[in-house]
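Welcome! Here is a short tour of a protein chain for anyone meeting it for the first time.

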Amino acid sequence: MEVTTTLCLVSLFYIIFYICRSIFLKRDRCCYMLHYECYKAPKEQILDTMSCAKVVLRNSNLGLQEYRFLLRTMVGSGIGEQTYCPKPIIEGREESSTLKDSLSEMDAIIFDTLDNLFAKTGVSPSQIDIVVTSVSLFSPVPSLTARIMNRYKMRDTFKTFNLSGMGCSGSVIAIDVVQQLFKTYKNSYAIVVSTESMSANWYSGKEKSMMLSNILFRTGGCSMLFTNNRALKHRALMKLTSMVRTHIGSRDEAYGSCIQVEDELGFKGFHLSRSLGKSGAEALTMNFRTLLPKILPLWEILRYTIASYHRNRANKTTSDEGEEFGINLKSSIDHFCIHPGGRAIIDGAGKSLGLNPYDLEPARMALHRFGNTSSGGLWYVLGYMEAKKRLKKGDKILMISLGAGFKCNNCVWKVMKNMEDPNVWKDCIDQYPPTITTNPFADKFDWINDQSLDFTKMIEKFKGLNLEVDTTARVWF
């Protein structure tokens with residue numbers, strides 16, 4: 001009897017100890033975001049309508065059919081006239097960009113955002129313990145983190161990690177690296193830098209599936225400061241509550257849906273296949289199967305389970321489901337931060353998740369104002385929400401990111417205080433959403449779609465817009 005009682009007590013104490021230990025370990029595994037800084041290039045790098053036209057006309061491989069494709073795609077892209085591109089493109093050196101150009105581009109983005117980050121938070125570079133960079137298309141030697149360390153004379157004991165090839169979802173991956181490291185390094189500061197190198201990656205060929213990247217991708221980036229020090233909780237903007245990463249690269253179709261290749265003429269660029277949308281939908285579905293049970297309230301999961309059961313019994317097709325049987329994400333999420341990869345991506349995500357125009361507005365406006373800035377794009381969307389004073393203490397934000405591979409990496413943040421900094425949107429937030437419905441590209445160049453257009457008329461039209469046209473070495477029609 002005494003032995004049995006002793007064993008029961010020992011078991012009980014062990015269970016209590018295990019539960020307490022789990023609770024305390026979970027408490028220690030926190031990831032707070034203290035601040036973020038998005039990059040805004042100088043006005044000299046704005047790629048407006050006429051600048052776009054000059055870049056296109058410099059490409060001697062294009063003719064009238066390619067012009068019509070570019071115009072049609074640009075008009076439907078959701079891109080505005082105030083986006084930025086690298087200096088070599090503006091200066092007409094897209095086919096002869098140098099290593100120095102790429103380094104200068106990275107220095108401008110990384111050091112500008114980090115300077116502002118350190119100045120606004122009061123955190124010294126010497127206090128930083130971890131630095132993670134995410135730049136897909138540029139991996140110099142020494143590394144970009146070594147470049148940061150040298151610039152700010154950081155401690156030789158801090159940890160550095162360079163991520164490349166992660167695509168547009170690289171920012172969330174970098175944050176996951178940080179939160180995993182926080183399990184080992186207590187009371188630490190970590191920096192994540194997410195951007196993309198465009199200077200040496202402008203496509204100068206004529207393949208339509210590869211010209212899309214020139215239309216969508218623009219200069220931008222963001223630096224973020226994180227900590228797992230609970231004593232700094234009162235300074236935090238947001239707290240990371242959930243993260244799920246999904247990779248379906250084992251499927252050939254998904255792997256090749258967004259891939260860097262060379263065309264028949266030897267020009268390097270990104271091939272975006274017709275299966276891109278399908279791959280994105282599959283990755284998002286797989287990700288949500290793991291993420292949603294972690295974030296949805298029990299009553300919503302039960303409601304959806306019951307509704308699905310009745311739907312299956314009634315043998316209703318997917319197309320007949322409607323919103324009646326869909327998952328109500330708004331039962332646990334207040335804001336949706338969708339990667340501004342393009343109008344099709346944003347609209348597709350909105351339709352799949354049952355979101356309204358208000359929910360999609362931040363992503364659409366970030367795409368319009370700054371374009372697709374790759375892994376830095378999510379933070380321009382977040383910046384729009386903050387500038388519009390949408391983010392209140394206690395709100396939940398779902399970040400949805402998609403990237404080459406093919407990957408879907410999503411996370412959920414809890415807002416720790418009312419966020420009202422106008423940030424990078426300061427000088428233009430009052431102009432958004434824009435009230436003008438006409439497209440400037442269509443206004444100036446819709447005449448290209450005239451089927452009666454001949455060579456002479458086309459040259460006259462371009463000259464009328466003060467655009468120089470090299471008529472040699474072109475197959476126009």
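Contact here means that heavy atoms lie within 4.5 Å of each other. By that rule, among contacts in the protein chain with a separation of 6 or more, 80% are between residues 24 or more positions apart. Please keep in mind that this is a predicted model.

Let's begin with the whole chain. Its secondary structure comes to 16 helices and 11 strands. Of its 477 residues, 51% are buried. The accessible surface is about 23,000 Å², and carbon and sulfur atoms hold 54% of that area.

Now to the sheet. Strands of a sheet pair through backbone hydrogen bonds, either parallel or antiparallel. In this open sheet, 9 strands follow the order β3-β2-β4-β5-β1-β6-β11-β10-β9, with mixed pairing. Because β3 (159-163) and β9 (335-338) stand at the edges with a single partner strand each, one side of each has no neighbour in the sheet. On average, neighbouring strands are turned by 20° against each other, direction ignored.

| Helix | Residues | Strands touched | Direction angle |
|---|---|---|---|
| α6 | 144-152 | β2 (130-134), β3 and β4 (189-195) | about 135° with β2 |
| α7 | 170-181 | β2, β3, β4, β5 (221-227), β6, β10 (396-403) and β11 | about 115° with β6 |

Notes
Residues are numbered from 1 along each chain as its sequence is written. This is a predicted model: local features need pLDDT of at least 70, side-chain atom pairs count only at pLDDT 80 or more; totals for chains, interfaces and linings use all residues. Side-chain values use heavy atoms; hydrogens and water are left out. Two strands pair if DSSP finds at least two bridges between them. Helices (H or I, at least four residues) and strands (E, at least two) are DSSP runs, numbered from the N terminus. Axes are lines fitted to C-alpha atoms, for helices over the stretch in contact, and angles run from 0 to 180 degrees between N-to-C directions. Buried means under 20% relative accessible area, exposed over 50%, partly exposed in between (1.4 Å probe, protein chains only). Accessible areas come from the Shrake-Rupley method with a 1.4 Å probe; for residues, only the protein chains shown count as cover.
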